[in-house]
Amino acid sequence: MSNLEDPTLERHFKGHRDTVTCVSFNPNMKQLATGSMDSCLMVWHFKPQARAYRFVGHKDAILSVAFSPSGHLVASASRDKTVRLWIPSVKGESTVFRAHTASVRCVDFASDAHSLLTASDDKTIKVWTVSRQRFQFSLSGHSNWVRSARFSPDGRLIVSGSDDKTVRLWDRQSKECVHTYYEHGGFVSSVAFHPDGNCIGVGTTDNVVKIWDIRVNKLLQHYQAHTGAVNGVSFHPSGNYLLSASSDHSLKIFDLLEGRPFYTLHGHKGPAKGVAFSPSGEFFASVGADEQVLVWKTNFDTVDYQEVLRSQRKRAAPLSHHTHDPPPDSHHTLTSSQDAHELDADRAPRDHVSRPPNVVSVGPQLFHRPPNQPPEEVPTSNAAPLPLNHHAPPDGTPQTTPLEQMTMSPQLANTLEHIVGQLDILTQTMSILEERLTMAENKLRECLDNQQRITLQIRPND
């Protein structure tokens, strides 16, 4: 650990008008998405002086956001019982579908970008196709709100955490719960898969962070390092560190190899509501009740991390023991001050933003403009729309095409919007026709079966 440096505050963004609940990095590291109790999705740009986008459409608080693996889509889950898929450009195109019968608490993309899961206060987890938002199946078993759910890295498993004080592991193919982990102290507020898929991290409202080995269903590590509810957990891509956000206003980084708290970070002036590492692990972001979005530079040993990545790629047997899994004999109950470096962003911030970025409210044409928003501040079109059916290149690495600035006449923009609207209508019509055709086929099959039974009954009499 001799080459490690302390994390530093790199950026801060302020533009939400209420508690910021969730955060997600674009894999291209050019954007950051956040959701808030103010019902708005915001997309922040890392380019200096770039405008932030405020997407309007949800009618209630946004509780979860997630970028797709390609970065071409952002999914948002809301208390208004809907999920929206947005194209993160200035035009603000989105599609919306009613996902559940109660608040939608969590949304997550599968690594193949073809499936989307949602978790809700209606006690279910649902899986959808991304391309047409078609319902695939539902997972039922929790007896209270499902606050968090995630796909495993290989997409074969789903983990969910609930206010019924359980964590459930589901097999995606059989749609069965394969194991239940019981949390006796508090509600489960956040779950996450370890990058190698063999462990899960759990944050609970009784101030606890736990690591479970799902291969042998054994508790590996237990930390009572916070003094308030744990609201979010996120693994570093190397798998060596876990980040947590708490209502005690702090963030903590746990060294999973050493089995101890590594850093305690103070930057929020209220409860920290969510955290996320960037896909590369170079940065992490935190959001909180103080309406702030903080972006931190990890400063962990880059050479060591690259060695970890290389060793992970060489793994051939996913169920064998791995040298950088959390140590199986590490079971810790730790106080917040034990062995952790305390860092206060207010004392020595390394903040490269001199002032908050300009914010532009954007949204689909079919939604009303937010109150007190002058019409001239909403641009009609100065960015190229991004395709929904983007595919990763042959090497399998997700790619996101940078937003292209272009000049477009209002007439052309209106024509394109009209075409997109007509295509949406055609898509919905085709979906209805498919359903009706299926019903007709079923009726015809019943008629043929009935006719065959009648024929068999008549023949003996002849």
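Biologist: What makes E26 and E27 a hairpin, and which residue in the turn has a positive phi?

Modeller: E26 and E27 form the hairpin with five residues between them, and Gly 281 has the positive phi, about 85°. The model is predicted: local features need pLDDT of at least 70, side-chain atom pairs count only at pLDDT 80 or more, and totals for chains, interfaces and linings use all residues. Numbering starts from 1 along each chain as its sequence is written, and side-chain values use heavy atoms, without hydrogens and water.

Biologist: How do you know that E26 and E27 pair?

Modeller: Strands are DSSP runs of at least two residues, numbered from the N terminus, and two of them pair if DSSP finds at least two bridges between them. Five bridges join E26 to E27 (residues 283–288), so the antiparallel strands meet that definition. Ala 276 stands opposite Ala 285 in E27.

Biologist: Why is E26 called mostly covered?

Modeller: Buried means under 20% relative accessible area (1.4 Å probe, protein chains only). Five of the six residues in E26 (272–277) are buried.

Biologist: What makes E22 and E29 edge strands?

Modeller: The open sheet runs E22-E23-E24-E25-E29, with mixed pairing. E22 (230–235) and E29 (341–344) each have a single partner strand, so one side of each lacks a neighbour in the sheet.

Biologist: What makes a set of residues a nonpolar core, and how many residues has the largest?

Modeller: Such a core is a set of buried Ala, Val, Leu, Ile, Met, Phe, Trp, Tyr and Cys residues joined through side-chain atoms within 4.5 Å. The largest has 16 residues; Leu 243, Phe 284 and Trp 296 are among those with the most contacts inside it. E23, E24, E25, E26 and E28 each supply at least two of its residues.

Terms used: Buried < 20%, exposed > 50% of the residue type's maximum accessible area, 1.4 Å probe, protein only. Helix = DSSP H or I, 4+ residues; strand = E, 2+ residues; numbered from the N terminus.
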